[in-house]
Amino acid sequence: MKTTTHRAARSRDFAFSAENLEKAKAYIARYPEGRQASAVLWLLYLAQDQSEGWLSVSAIEYVAEMLDMAPIRVHEVVSFFTMFNTRPIGRHHIQVCRTTTCWLRGSDDIVQTCLAAAGVARLGETSADGLFTVSEVECLGACCNAPMFQLNDRDYFEDLTPESAREVVEALRRGEKPEGGSRSGRITSEPFGSTAALREAETGKGSA
């Protein structure tokens, strides 16, 4: 299998910036000769980030050529993973978890609040001003802090209520950068209330 590790792939409409090309080469170099396709997720992330959150056909096929992969193989990867977008999205991509734990904790209300606050008609659509896209996703691994949503590819907002979700969206609309994490004030997934709950249960102090 030939390698294209150190050449820039051809594309009519997309090419990595000089900085991202060097990053792509470094990702590819992590893998043994003949296994360059293992870097496909890294390169797709780079391409999506450079393209303001979505992947065009040209970007996908640019990555395929750079890794000597059949284009259909890379299209299959993109269509499988929900974190890749194949059409333009808003500046702020709000991805609300709707899996069991979040649903039991009120994710339906979070969805409706985000749609209303962002000015988006339905899930998967983008607001008329181009600021927001609201999407439904499967489990994001923050079940102890449900309900939650992910903003773009970086920040988790957890322990949400409709009020705190609205506050986040409104802050984004004002151009602010709200800090991710629990909106209840707790640290990571520590228990609500006393952090000695197990010891209290052992001594009977925590019993009803």
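**Notes on the predicted model**

1. Let's start with His-92. Leaving aside residues up to four places away in sequence, His-92 touches Leu-131, Phe-132, Thr-133, Leu-151, Asn-152 and Leu-172, where a contact means heavy atoms within 4.5 Å. His-92 sits in strand S1 (residues 92–97). Its relative accessible area is 11%, so His-92 is buried; buried means under 20% relative accessible area, exposed over 50%, and partly exposed in between, with a 1.4 Å probe and protein chains only.

2. A word on ground rules. This is a predicted model, in which local features need pLDDT of at least 70 and side-chain atom pairs count only at pLDDT 80 or more, while totals for chains, interfaces and linings use all residues. Residues are numbered from 1 along each chain as its sequence is written, and side-chain values use heavy atoms, with hydrogens and water left out.

3. Now the overall layout. The chain has eight helices and five strands; helices (H or I, at least four residues) and strands (E, at least two) are DSSP runs, numbered from the N terminus. Reading from the N terminus, the order is α-α-α-α-β-α-α-β-β-β-α-β-α. Of the 208 residues in the chain, 40% are buried. Among contacts with a separation of 6 or more, 60% are between residues 24 or more positions apart.

4. Helix H2 is worth a look. Its buried residues are Val-40, Leu-43, Leu-44, Leu-46, Ala-47 and Gln-48. The cover over the buried residues of H2 includes helix H1 (18–28), H3 and H4. As background, an α-helix has 3.6 residues a turn, so residues three or four places apart point the same way. After H2 comes Glu-52, with a positive phi near 60 degrees.

5. How do H2 and H4 pack, and at what angle? Helix H2 (residues 40–50) and helix H4 (residues 71–80) pack at about 70 degrees, with their axes 11 Å apart. Axes here are lines fitted to C-alpha atoms, for helices over the stretch in contact, and angles run from 0 to 180 degrees between N-to-C directions. H2 and H4 are therefore roughly perpendicular to each other; that label covers 65 to 115 degrees, with under 35 counted as roughly parallel, over 145 as roughly antiparallel and the rest as oblique.

6. On the residues at that contact, Val-40, Leu-41 and Leu-44 of H2 meet Val-74, Val-77 and Val-78 of H4. The contact of H2 with H4 has six nonpolar residues, no polar and no charged. For the classes, Ala, Val, Leu, Ile, Met, Phe, Trp, Tyr, Cys and Pro count as nonpolar, Asp, Glu, Lys and Arg as charged, and the others, Gly among them, as polar.

7. Next, the inside. There is one cavity of 30 Å³ or more, and the largest cavity has a volume of about 40 Å³. A cavity is a set of points, on a 1 Å grid over the protein atoms alone, where a 1.4 Å probe fits but cannot get out, and lining residues have an atom within 4 Å of a point. Grid points are joined across faces, edges and corners, and the volume is the space filled by probe spheres set on the points. Among the residues lining the largest cavity are Cys-97, Cys-102, Cys-139, Cys-143 and Met-148. Helix H5 (residues 100–104) gives the largest share of that lining, three residues. By class, the lining of the largest cavity has seven nonpolar residues, four polar and no charged.

8. Some backbone spots to check by eye. Most residues other than glycine have a negative phi, and most peptide bonds are trans. Asp-68, in the loop between helix H3 (57–66) and H4, has a positive phi near 55 degrees. Asp-159, in the loop between strand S4 (155–158) and helix H7 (162–173), also has a positive phi, about 55 degrees. Are these two buried or partly exposed? Asp-68 counts as partly exposed, at 22% relative accessibility, whereas Asp-159 is buried, at 7%. The peptide bond joining Ala-146 and Pro-147 is cis, with omega about -5 degrees; Pro-147 lies in the loop between S2 and strand S3 (149–151).

9. Finally, two exposed loop residues. Ala-128, in the loop between helix H6 (107–118) and strand S2 (132–137), is exposed at 90% relative accessibility. Arg-154, in the loop between S3 and S4, is exposed at 59%.

How values were computed
1 Å grid on protein atoms, 1.4 Å probe; cavity = no way out; pocket = protein on both sides within 12 Å on 5 of 7 lines; lining within 4 Å.
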